Each structure stands twice: as structure tokens, then as C-alpha cells.
Amino acid sequence: MIGSSVVVRTRSWIVLCLGLLTVGAPAAYAADCPGHPDALGTSRTLVVDPREHPRIGTMQYRETLPLKDHEVVLTFDDGPLPKYSNQVLKMLDDECIKATFFIIGQQAKANPEGVRKLVAAGHTVGTHSMSHPLTFDRMPVEKYEPEINGGIEWTSAAMTDPSKLAPFFRIPGLMRAEGVENYLISRGIQVWSADFPADDWRHVSSDRVYQLAIQRLEAKGKGILLLHDIQARTVAALPKIIRDLKARGYRIVHVVPATPDRPATPTTPVEWLLHPPTETTPIARWPAVPNFVFTETRTLPAPALADLNAQTEHQPLLPRRTKGQTDIASTLPVPGHDLFSIPEGSVEVLLSTTLSRRAATRMAMAAETPRAGKDKAAKGKAVKPHAARTARAAPVAPKHAAQAKPRPTRVATSVKKRA
């Protein structure tokens with residue numbers, strides 16, 4: 001019994017490890033693509049409820065699809081156009097990639113077979129208006145409603161099973177408007193933007209389309225890629241985009257709408273953010289101050305004059321805007337008697353009268369006399385060396401004086417001779 005249980009446990013661990021390795025390996029995605037062992041494949045299917053998250057795509061909205069790192073959703077607009085759409089469809093089929101297509105009503109009306117091909121290949125089909133006007137951001141309601149409804153009607157009419165039409169809508173040119181979005185949301189239609197484009201609608205080369213797609217994907221790490229299946233440059237760039245997605249370890253996610261028989265994939269609100277905040281990521285802005293709702297809005301009564309600790313004759317002198325309860329007597333302690341007591345015989349008492357000021361002066365002089373005597377004695381000791389130097393220099397003075405005497409004599413003699 002013990003040996004058999006050990007064998008069973010060992011086998012279960014081996015099966016579990018092999019299962020984990022199979023899920024993590026890119027070859028598992030290609031296993032569902034017969035004849036193409038090196039295909040990119042589709043890693044998983046994401047089921048979304050348009051009513052829970054009505055706006056997606058960080059190019060314009062806060063939320064996007066709840067993708068994991070290195071997961072990509074491919075989307076194509078403006079088709080189907082047989083010349084190029086069929087080539088795009090063939091490339092995706094060879095790689096077993098499932099994408100989302102946003103159809104123009106006029107294109108579905110002119111090429112219903114192209115719509116049926118997309119549905120038969122298992123791709124998700126949404127709508128992109130009737131005639132692709134680039135004025136949705138300023139259209140009145142009487143114009144954008146026929147555009148939205150016309151695209152839905154002709155696309156669903158091209159399908160063998162109209163229930164295959166997904167309630168997904170992308171506004172032409174991403175020219176969003178609040179009225180248009182509210183109308184779509186009221187009908188249970190999810191508004192799709194994108195996380196990054198490849199600029200394949202511009203007059204650029206296919207190499208530039210490939211470079212922009214990979215560079216912008218690398219910058220964000222995951223997201224919704226916006227392409228167009230009616231452009232020759234897109235057809236030329238798509239093989240290189242798929243090749244780099246495989247080389248860089250990206251995985252394709254297929255998005256489908258929820259139905260009563262197919263519930264939405266369980267997610268959390270944070271997963272619908274492109275880069276959810278973490279404890280290690282600082283918030284770049286202060287949180288908004290909430291608007292509080294008070295249960296009672298009545299104001300308190302203002303203080304009256306009777307509330308003030310002031311005499312009646314002084315009340316008009318009080319400033320009206322600064323009246324308050326100023327009961328100083330009840331807040332400050334009564335000063336003690338020791339605060340005003342002065343010792344007898346102190347200088348402060350003697351200085352209070354004229355005679356006392358004289359006595360205080362004599363007391364101050366008497367206090368300074370011993371200090372002055374000490375200073376004088378110290379000064380006398382310091383003067384003696386100076387007196388000695390003066391005595392030694394005294395005999396020099398008569399010599400100078402004797403030399404100065406003949407000058408007035410000679411002057412006097414000359415004066416007598418002139419006289």
C-alpha cells in the first residue's frame with residue numbers, strides 16, 4: 001500500500017510539472033495550429049462585459065483590457081477590402097492568430113463575403129460606422145445615430161448568423177465625443193480606442209509601420225495595437241511584426257463579448273489599468289479632497305453683547321467683528337501679595353525720595369572707592385618705568401637748549417649794526 005501510494009504521488013507530480021512546462025512554452029500555442037509548428041498562435045481568450053467596462057484604450061481612456069505583461073490584442077479597422085483584407089486574413093490564419101476587426105458599413109454592403117470569411121475564421125467582428133466620417137466629435141445626434149446604426153445593420157446583414165456581431169465600436173479617427181459615447185453605452189456597446197497605433201494610415205513606408213508598432217509596444221509592454229487591413233503598407237509590415245512578436249516573447253490574446261452562456265473572465269478593477277499602481281510606485285499627484293455632505297447645515301448663533309464680560313458704557317467701543325467671550329477674571333489667577341513686597345533698606349526704596357537718592361548715591365560711591373584705590377595703585381606701579389626713562393633722557397635737553405641760544409644773539413647783533 002505504501003509503495004503504491006508513493007508511485008501514485010510521483011506520477012501526479014510528473015504530470016503536474018509537464019503541464020506547467022506545456023503551459024509556459026510558446027510551442028503550446030502552436031500545437032493548435034496544424035501544419036505550422038513555429039506559429040505564434042493565440043495564448044488565451046478574454047471574455048469582457050461591455051456594461052462593466054464601457055470605455056477601453058489608454059490613448060483616450062483611463063482603462064484598457066486586463067492584459068498581462070507581454071500580451072497583445074491585434075485590431076484592424078476600415079475593412080473588408082478584398083485586395084488587402086484577404087492577404088491579412090491569410091497571414092493570421094497561417095499563424096493561428098485571432099484578432100478583432102472593426103467593419104465599415106459601406107464595405108460590408110459592397111463585400112459581404114469578406115465579413116463572412118472573418119466570422120468563419122473565428123475572428124471577433126465589431127463596427128466602425130457606416131461611412132467613416134471624421135466629424136464624430138462635432139456631429140449632432142440626428143447625424144451620428146444613423147452612422148452608428150447603419151454600420152451595425154449592414155455588418156450584421158452580411159453575416160449568416162447576426163448574433164456573431166460583437167457589441168464593440170471604434171469611433172472613426174478616434175474623434176470621440178461625450179454624446180456619442182453615452183449613446184453607445186446606453187445600447188450596451190463597448191467603446192474601443194487603442195493603447196498604441198502604428199501610423200499605417202499615414203504616407204509612411206512599411207518598415208516605418210513595423211518600427212512604430214514594435215517600439216511603442218516595447219515602451220508599454222502590452223496593450224491594444226491599432227492597424228488597418230485596407231493598406232498595402234500594413235500587408236507588407238505584418239509578417240515582420242508577427243516575427244518580432246515571437247522573437248520577443250509576446251503572446252496574442254483574443255477578445256470576445258460575454259453572453260448568457262459565456263460569462264466574463266473574472267478580473268479585478270486594478271487589472272483594467274495599463275500599469276496598476278504598487279506600493280513601490282509613488283503617486284505623482286495629491287489625492288482629490290472629497291466633498292463632504294453634512295447631515296445638519298444650520299448655523300450656530302453668534303455671541304451677543306450679554307455674553308461679553310464688559311461694562312455697559314464700554315460695549316459700543318468693542319469691535320463688532322471681533323466680539324468673543326473675554327472673561328479674563330475667570331481665566332487668569334489672582335496675583336499673590338509677595339509679588340508687590342519690596343525689602344526694607346533696598347536701593348529701590350532709597351531712590352523713591354530726594355534725600356534717599358542722595359544717600360543711595362553715597363552708598364554707591366563708597367562701594368566704588370575701594371575699587372578705585374586698587375586701580376590707582378595698579379596705575380602707579382605701571383608709571384614708574386616710564387618716569388625712569390624720562391629721567392635718563394633729561395640731560396639731553398640742556399644741550400639742545402644751549403645750541404639754540406646763539407641764534408637770537410646773532411640776530412640782535414646784526415640789528416645793532418644796522419641801527
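Predicted model: local features only at pLDDT ≥ 70, side-chain atom pairs only at ≥ 80, totals over all residues.
Residues are numbered from 1 along each chain as its sequence is written, and side-chain values use heavy atoms, with hydrogens and water left out.

Q: Is Ser193 buried or exposed, and what is its relative accessible area?
A: Ser193 sits in the loop between strand 7 (190-192) and strand 8 (196-197). Helices (H or I, at least four residues) and strands (E, at least two) are DSSP runs, numbered from the N terminus. Buried means under 20% relative accessible area, exposed over 50%, and partly exposed in between (1.4 Å probe, protein chains only). Ser193 is therefore buried, its relative accessible area being 0%.

Q: Which side chain joins that of Ser193 in a polar contact of 2.9 Å?
A: Not counting residues up to four places away in sequence, Ser193 touches Ile56, Gly57, Met59, Gln60, Tyr61, Arg170, Leu174 and Ile224, where contact means heavy atoms within 4.5 Å. A polar contact is a pair of N or O atoms within 3.5 Å; within protein, one must be able to donate a hydrogen and the other to accept it, and residues adjacent in sequence count only if both atoms are side-chain atoms. At 2.9 Å, the side-chain partner of Ser193 is Gln60.

Q: How many residues apart in sequence are the parts that Phe136 and Phe169 tie together?
A: The structure holds 5 aromatic pairs (ring centres of Phe, Tyr and Trp, the last by its six-membered ring, within 6.5 Å; planes under 30 degrees apart are stacked, over 60 edge-to-face, the rest tilted). Among them is the tilted pair of Phe136 and Phe169, at 6.3 Å centre to centre with 55° between the planes. Because Phe136 lies in the loop between strand 5 (124-127) and helix 6 (141-158) and Phe169 in strand 6 (residues 165-169), the separation of the parts tied together is 33 residues.

Q: What is the relative direction of helix 3 and helix 9?
A: Helix 3 (residues 82-95) and helix 9 (residues 232-247) pack with axes 9 Å apart, at an angle of about 15°. Axes are lines fitted to C-alpha atoms, for helices over the stretch in contact, and angles run from 0 to 180 degrees between N-to-C directions. Angles under 35 degrees count as roughly parallel, over 145 as roughly antiparallel, 65 to 115 as roughly perpendicular and the rest as oblique. Helix 3 and helix 9 are therefore roughly parallel.
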